Amino acid sequence: MASFHGNKINPSRFGFGQLKFYAVLVPLGFVMILPIVFMFSQALKPLDELFLFPPTFLVRKPTFENLSSLLSLKDMSVIPVTKYLFNSIVVSGVVVSLSLLTSAMAGYALSKKRFRLRKVIFEINTIALMFVPAAVTIPRYLIIEKLGLINTYWGHMLPLLALPVGVFLVKQFVDQIPNELLEAAAMDGARDRYVFARIVLPLIAPAMATVAILAFQTVWNNAETSSLYMSKETLKTFAFYMTTLSSTVGNNVAGQGAAAAAALIMFIPNLIIFIFMQSKVMDTMAHSGLK
């Protein structure tokens, strides 16, 4: 099994032949990192620096007052910001975990199992990639309402569990696992669950990392479920709170610092998960296979 490994797009060691790439990528990377630096800088600026004219790019006297102001804010229903954050963390964790599980299982079944309508189901999944969220808003709401999931955490989670692109990526990755490898494991007495957990999952780790990033970004930045399925303020997420922040503190001079801190909080989890998984994503985008 050790000989079966994916082709990686990222080189494992430095070579002088890479200098020509660094000559282009380093300046480009510097330009692309400027918005990230500016976002951190804005969140750490005191109020007097936020309203300087002409504005400054970097913070001169960094402070965490904006963050403390945000955490002390309460909306008109006296709901603390930490409650919105807690809801987002819970919903994101559950959705990402279940999306990984369902995408992996569905991709494995569609690739290696033989059953009726297998190709039809995969074609339906592929067609689903073309639908924008607005096209399924009404039927999605009717399903959530009929299931009695309005004003529940499952009302946040269920609409976001279906990830057609995740199933597609995993299925294409599993296609490249030799059937002989799985058949050899079965002949040695390995059950299907063991084959899936111990052989298939480790080999499709790059695809799973990509699915995790896509699922997390979808749920973490989603405000639709809060606005459509949640009438209780205590069940709404931080992404929804961000959409209302401009109306609650946007016209307040002191609220500008809190808004900058909130934008940073929304951005940091996306940055962290991408930093830790970007190499896996590059392998997936290279459509790596097994030799």
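Helix α4 makes the greatest contribution to the lining of the largest cavity, supplying three residues. The model is predicted, so that local features require pLDDT of at least 70 and side-chain atom pairs count only at pLDDT 80 or more, whereas totals for chains, interfaces and linings use all residues. Residues are numbered from 1 along each chain as its sequence is written, and side-chain values rest on heavy atoms, with hydrogens and water left out.

One cavity of 30 Å³ or more is present, a cavity being a set of points on a 1 Å grid over the protein atoms alone where a 1.4 Å probe fits but cannot get out. The space within the largest cavity is about 30 Å³, the volume being that filled by probe spheres set on grid points joined across faces, edges and corners. Its lining (residues with an atom within 4 Å of a point) consists of Ser88, Val91, Ser92, Val219, Trp220, Asn222, Thr237 and Ala239. Two or more of the lining residues come from each of α4 (81–112) and α11 (205–220); helices are DSSP runs (H or I, at least four residues) numbered from the N terminus. By class, four lining residues are nonpolar, four are polar and none is charged.

Four salt bridges were counted, each defined by a side-chain nitrogen of Lys or Arg within 4 Å of a carboxyl oxygen of Asp or Glu. One of them joins Asp192 and Lys113 (2.9 Å, N to O). Asp192 belongs to helix α10 (residues 192–203) and Lys113 to the loop between α4 and α5, so the pair ties together parts 79 residues apart in sequence. Another joins Glu224 and Arg140 (3.7 Å, N to O), linking helix α12 (residues 224–229) with helix α6 across 84 residues. In the pair Asp175 and Lys171, the closest N and O atoms are 3.0 Å apart; Lys171 is buried at 12% relative accessibility.

Most residues other than glycine have a negative phi. Leu117, however, has a positive phi near 65° and is found in the loop between α4 and α5 (118–128).

Definitions and conventions:
1 Å grid on protein atoms, 1.4 Å probe; cavity = no way out; pocket = protein on both sides within 12 Å on 5 of 7 lines; lining within 4 Å. Nonpolar A, V, L, I, M, F, W, Y, C, P; charged D, E, K, R; others polar. Buried < 20%, exposed > 50% of the residue type's maximum accessible area, 1.4 Å probe, protein only.
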